[in-house]
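Thanks for sending this one over. Here are a few friendly notes to read alongside the model.

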Amino acid sequence: MAQFQEVLKQSALHPKPAGLVLQYGTSGFRTNAKQLDHIMFRMGLLATLRSKKTKATIGVMVTASHNPEEDNGVKLIDPMGEMVTQDWEEHATQLANYMLCNVLGPCFAWLFCFCSFIVGTSSGSLSAFLSFPSILLDYGLVTTPQLHYMVCCQNTQGKYGEATVEGYYTKFCQAFIQLTKNVRSRSHLCLDGANGIGALKVREMESHLKKELQISLNNDGSKGRLNHQCGADYVKVQQKPPTGIKINPGERCCSFDGDADRIVYYYTDSEGTFHLLDGDKMATLISTFLKELLTQAGLDLKIAVVQTAYANGSSTHYLENTMKVLVRCTKTGVKHLHHVAQEFDVGVYFEANGHGTVLFSKAAEEKIQQLAEDTNVNDKRKKAALLLRNTINVINQTVGDAISDMLLIEAILAIKGMTIQQWDTIYTDLPNRQLKVKVADRRVIDTTDAERRAVTPAGLQEAIDNLVKKYRQARSFVRPSGTEDVVRVYAEADTQESADALAHEVSLAVYRLAGGVGDEPKPL
Ligand code: G16
């Protein structure tokens with residue numbers, strides 16, 4: 001009991017601001033950093049309990065990811081490197097909002113049992129919230145996917161890789177070098193690091209690549225602000241290159257987000273027109289590559305692509321009708337996509353915003369491994385099996401990872417001898433637009449059908465349906481963000497003018513029917 005009193009005493013040093021209610025959202029708690037002190041403290045407690053419950057090492061990542069510099073966030077990572085389960089997200093929300101003694105009372109004894117967790121941060125220092133675990137390992141500044149990787153390595157006793165930043169570089173860079181060893185000339189890549197941790201980590205990694213990939217690094221944090229007019233989210237949502245970077249026509253470019261778990265590719269053509277290759281284009285390139293290799297290897301494995309409502313209609317059409325792969329749609333948040341992808345031998349999952357990876361079932365990995373070692377198979381099958389094995393090794397299967405995704409995409413383009421322009425022509429995106437609407441309480445919007453339809457407030461979905469009918473090849477949906485205090489609006493249609501007009505009209509409907517605050521949305 002004295003120990004419990006001590007927890008409460010320490011907690012009093014990290015008071016919850018009166019009236020503040022925060023929810024464990026799409027990717028943990030996210031808000032202005034000033035409001036997060038009590039959350040940091042309480043998530044330390046939750047990680048302790050989660051470690052005890054799972055008898056494994058748990059990860060605690062401190063990051064605001066794609067959000068502006070003044071924000072921060074924290075999320076827990078489960079034993080295999082995946083996001084924490086939904087029931088524990090609910091515990092997190094309770095622990096964040098209620099009196100500690102009420103929430104912790106029934107399980108406080110656990111706080112003092114053996115447990116272990118590791119922490120990392122994408123910027124700044126950690127607050128003093130980590131006082132309970134028996135074992136605490138602080139990785140300091142790491143990308144979010146690096147911490148996911150470390151958790152998995154810790155809990156597989158090194159089978160997934162060595163649980164160090166060096167181990168991470170060695171694993172993924174060696175696989176990249178192996179995968180591309182028979183490929184000659186390669187052009188260089190222009191990378192926007194969003195002034196975030198990804199830029200620092202790419203610098204650290206470069207020597208491991210042994211000049212097999214030439215990267216020119218922009219927005220490396222030496223001057224600009226984190227995610228400000230740069231980074232994957234800016235490039236995707238604004239549909240333009242990061243401000244201030246000189247891009248030569250045709251040059252292959254990519255942008256990370258602030259904690260390097262997302263990546264998007266792009267180029268400008270000779271007329272200066274910007275072309276974006278987002279998560280959908282990456283999922284298409286990767287699944288085409290894998291499907292071809294599986295066919296060459298003679299392996300009958302079930303491959304699927306998992307998307308969200310944001311996936312461009314053209315990508316879904318291409319995947320289903322031309323590539324003939326299974327496509328599934330889930331709610332936003334990689335945690336949802338990850339779980340669906342686990343149902344297949346090979347599950348390629350990507351959000352349109354560039355957050356995604358590929359999962360291989362244990363059985364699929366074993367079949368590929370056996371074939372790669374089999375001395376009685378013909379050269380073609382063997383070569384495909386070896387490429388598949390190295391492909392598995394270049395992928396961070398714990399979570400979407402900008403660095404690992406970049407290595408994978410670079411390898412595929414090099415192996416296929418494909419330019420970014422050729423990749424872009426696989427299919428043509430439907431013009432689209434994403435907007436945000438500020439409302440008094442975004443929880444008034446409830447959705448169903450993988451967020452493609454609004455259930456509340458009354459009349460909103462009907463309004464959207466009527467607006468969509470006015471345009472050709474049109475689609476639109478709205479959903480409350482889980483990382484920002486806004487409602488997101490997505491629209492696509494046959495022309496950019498129509499997509500913009502539809503997005504604006506739907507924004508107005510949200511503003512009027514869901515309690516908009518501030519000025520009415522203006523036409524684009
Ligand atoms: C997080 C999640 C992503 C999600 C994004 C936007 O990204 O990890 O899966 O797509 O938020 O979520 P929302 O639309 O709910 O704000 P990140 O890169 O910020 O961690």
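1. Asp71, Gly73, Lys75 and Ile77 point one way from strand 3, while Asn72, Val74 and Leu76 point the other way, and all are buried (20 or more other C-beta atoms, placed from the backbone, within 10 Å of a residue's own). Strands here are DSSP runs of E with at least two residues, and helices are runs of H or I with at least four, both numbered from the N terminus. This is a predicted model, where local features need pLDDT of at least 70 and side-chain atom pairs count only at pLDDT 80 or more, while totals for chains, interfaces and linings use all residues. Residues are numbered from 1 along each chain as its sequence is written.

2. Because 7 of the 7 residues of strand 3 (residues 71-77) are buried, the strand is largely enclosed by the rest of the structure.

3. Elsewhere, 5 strands form an open sheet of mixed pairing, in the order 7-6-8-9-10. Strand 7 (215-218) and strand 10 (274-277) are at the edges, each with a single partner strand, so one side of each lacks a neighbour in the sheet.

4. Strand 9 (residues 263-268) pairs with strand 10 in the antiparallel sense over 4 bridges, and tyrosine 265 stands opposite leucine 277.

Conventions: A residue is buried if 20 or more other C-beta atoms lie within 10 Å of its own, exposed if 12 or fewer, and partly exposed in between; C-beta atoms are placed from the backbone. Two strands pair if DSSP finds at least two bridges between them.
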